[in-house]
Amino acid sequence: MSTIPGASWPQRVVRPSWTLKLRFFVSGHLLFVAGATVFGIILIMATLAPLIAPYDPVAIDFSVKLGAPGPDHWMGNDELGRDVFSRVLYGARTSLMVGLMVTVMAIALGLPIGLLAGYFGGRLDTVLMRLSDVFLAFPPLLLPIAITAAIGVGLVNAMIALAISWFPWYARIMRGAVMRVKSEPYVMAARAMGVGHGRVMLRHALPNCLTPVIVQGSLDFGYTILAAASLSFIGIGAQPPEIEWGLMAAASRTNFLEFWWTVTFPGLAIFITVLSINLVGDGIRDILDPRFQEFR
Amino acid sequence: MSDVVLEIRDLRVEFPELGRSVQAVRGCGFGVRYGEVLGLIGESGCGKSVTALACLGLVPPPGRVHGSIIVDGEEVIGASRKALADLRGGKVAMIFQNPGKALNPFFTVGRQMTDVIRVHRPVDRSGARDLAIEALELVRLPDPRVVLGKYPHQLSGGQLQRVMVAMAVSCDPLILIADEPTTALDVTIQGQIIVLIRDLAQSRGLTVLFITHDQGVVASLCDRVAVMYAGRIVEMGSSDVLFNRPAHPYTRKLMLTAPRLGRGKTDLDVIPGQVPDMRAPPEGCAFHTRCSHALELCRKVSPLTETLDGDHTVSCHRAKELV
Amino acid sequence: MYRYVTQRILLLILTLIGVVTITFVLGRVLPGSPVELMIGYRPNQEQIEAARKALGLDLPLYIQYLHFLGDAIRGDFGVSLHTKQPVITDIAIRSTATLELTVLAVIAVVLIGVPIGVISAVRSNTLVDHATRSISIAGVALPVFMVGILLQMLFYGDLGWLPLQGRIGSLVLLDHPFEIVTGFYLIDTVLAGSWTAFSSAASHIVLPATALTLSTLPLVTRTTRNMMMEVLQEDYVRTAIAYGLPVRHVHYRYALKATLIPLMTIVGLTFGVLLGGSVVVEFVFDWPGLGGYVVRSITRSDFPGTIGVTLFLATIYLSINLVVDLLYFVVDPRLSSP
């Protein structure tokens, strides 16, 4: 037994228990975990708003008009005597829905364009990308404003407008990712084996491009909520009697100096929601795409 | 030992990560004698470059450095900012792997050279310019005055590496550390740069620590060779001895793989298995996972460094019986 | 160099035509056509026909498009329905208010955000860095209008230091009239030598400009930090330090110059964000600029006004980005001396 064949020794592998793994994960992604927790709570509160809300969010009660926060009305009442807390809860539903819908619509619009441009390249690529670049030529927020002006004010229209002005980013990301994947040997092999364009794109190119799209989507989710709130605030997004945080803040514009709660709580709600979403987005980016890691 | 100008003793460098840390260098030690050209060879990731960076106190954060590195009688590890500033470029100059990236693209070659010269020598801008021209002539770049006015992107890779060598020698350092300076260059240019470094070493009595994974370069350039594996020196000796009578199984495998200029990287693949994961390096002799002579002993006990004859040292339990 | 410049300018023109096209499509093809907006409530058939003819809507679509394009190039965006003036006149009156605000904000953002970002990168993972990054992350989550409202609550409501809204005190304007030369009140009042008018204008612009600045500061700080971090990883930074150059010199001269190019791009983009944000900020502070005008145009279904302002701001934004592109030549030797 003088020689032992080489390369046969197993490497020493330490297998940490799952609790240990979880601890490492939490300690390494502290902000992500915090953001996800807060976001989870907001999500639950939005879902259960009809059960949690102490009052009907649209019930007008002039006896408590502009009432200060107190034991009965934690966040006070607005100029029509409506309970601010209940309205903030219901507003969460609107904002989360808006954020989700706009992001989904923008992705649904951007992905196919980027996919086609990146996969086929050439003139189609040039035309598609130049076209979507034009949408980026407007100062942000101005294009959604103009689109809303054309198709009419309202929450749904504002959502459509935001999606239209947002899709080029996804088209760009998708295009870049597809171009990278396209030159990968396994995609070329699939083409060489006679697999059709559509199948190659769906089976090989698309799944490999999802990471950057998910990362961008999670980061844009919060931004969209902000933009939608701003549109509602200036009066071209949500319209009464819809319950929306930006609209709530706008409604109290005339009296916010005396009755601070009418504007502060919806504002705070936007802040906490978007902050938690951004922390989650940053975390997702760090986890999925460690190249851009900021936190160590 | 007064002729030793650079001495490294029990150098350890680790990069903390979550849970476990990467042990890039794990007790590396060797000395470089005045005026010699020492080759440091090993596979990518064995800790050569980190060792070189440690000599200048340049291990990037969050790396932690322990042990001792003595340059010209002064300790580098834990040295003051001022001492480090004198050391860097003044006593020890370094040239890097990728000359295209090692110079700042936004400043002219002349500006960058004179900036460096003025840090280390008491000259004004025009004096520094003269010294820079002198250095460029030394590395045999034609039209040094023109080169000074050029931006890095206007020069070729070979020219840039000559500029780097010129910058290195312009402050008259004791030691030149060359970290794979030819890897990124064409084969023909590689030869020119190696000849240049060899001539400079001879004509100016420059001490050179030449890091490479290309045994061919070592054969044509180095007086002595240190072989590094998994963060340690496994064998060291004159290049003659190491090429003809290697004692360590790793060195033997390394030398077996066609020693020809410019064909370093691919040949190393001949050695079976992979470089060990430095987060959990193997116990005992780190090479036992890939060694065809490994014993039970090799898996458990780390071999000590023994002297075979004269300069020739090796860390292997079976070195004597296998020679 | 000439090729690059002409290429850029051609691209700008193409993009502008694209922008005009998008606005044309918005105006003519989508529902809510300008006819009913223009002639108002319950028109009869003849009125509709007359209006269509007046607007040129009876012509084929491509002719309409060419008319629209020609008008846009000449700066003729039609007559505003709520001010009854040519839109271009309205824009001329109001644009300087918006530009004064955004230019001031851009200067503030760059002067504050860039140094903070650089310091944060150079001292990464220190207390300074953690603090700036935390504030940045939080700052991004605050909507622009909330920043404005909070500023009003604090500096007008609680402290009473600064005026709530407007561009200049109306009484001040009556007592100390000054000639409009540049359209920037801060400059015009100085030219007129009226200290009272200047201090009134200055105290009015502080809050809206601060709101705009704060809303884009996190973006600039964060991108500057990330870019600087990237540059600090570069081989040439390591080379400079390996040759004993003072670390300060390496960071603030060698590295900063490399950050300059992406930085200029960021400043260009920031200008866009500020132009967009100014719509909201002007609304909050009742600032007599294009933002308030465009909001009023939309809520009063004044389509020419909306389109005119949109085209105007898009053109400014594109021109700024063109200037940024051209400035690359000054900074990047790889472009200027190939």
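Guide: Helices (H or I, at least four residues) and strands (E, at least two) are DSSP runs, numbered from the N terminus. By that count chain C has 15 helices and zero strands. This is a predicted model, where local features need pLDDT of at least 70 and side-chain atom pairs pLDDT 80 or more, while totals for chains, interfaces and linings use all residues. Residues are numbered from 1 along each chain as its sequence is written, chains are lettered from A and ligands numbered from 1 in the order written, and side-chain values use heavy atoms, without hydrogens and water.

Visitor: Why is Ser95(C) called buried?

Guide: Buried means under 20% relative accessible area, exposed over 50%, partly exposed in between (1.4 Å probe, protein chains only). Ser95(C) has 9%, so it is buried. Ser95(C) sits in helix 5 (residues 87-122) of chain C. Across chain C, 49% of the 338 residues count as buried.

Visitor: What does Ser95(C) contact, leaving aside neighbours within four places in sequence?

Guide: Leu290(C) and Phe312(C). Contact means heavy atoms within 4.5 Å. In chain C, among contacts between residues at least 6 apart in sequence, 72% join residues at least 24 apart.

Visitor: What makes Asp130(B) partly exposed?

Guide: Its relative accessible area is 48%, therefore Asp130(B) is partly exposed. Asp130(B) belongs to helix 5 (residues 125-138) of chain B.

Visitor: How large is the C-alpha trace of chain C along its principal axes?

Guide: The trace spans about 85 × 55 × 40 Å.
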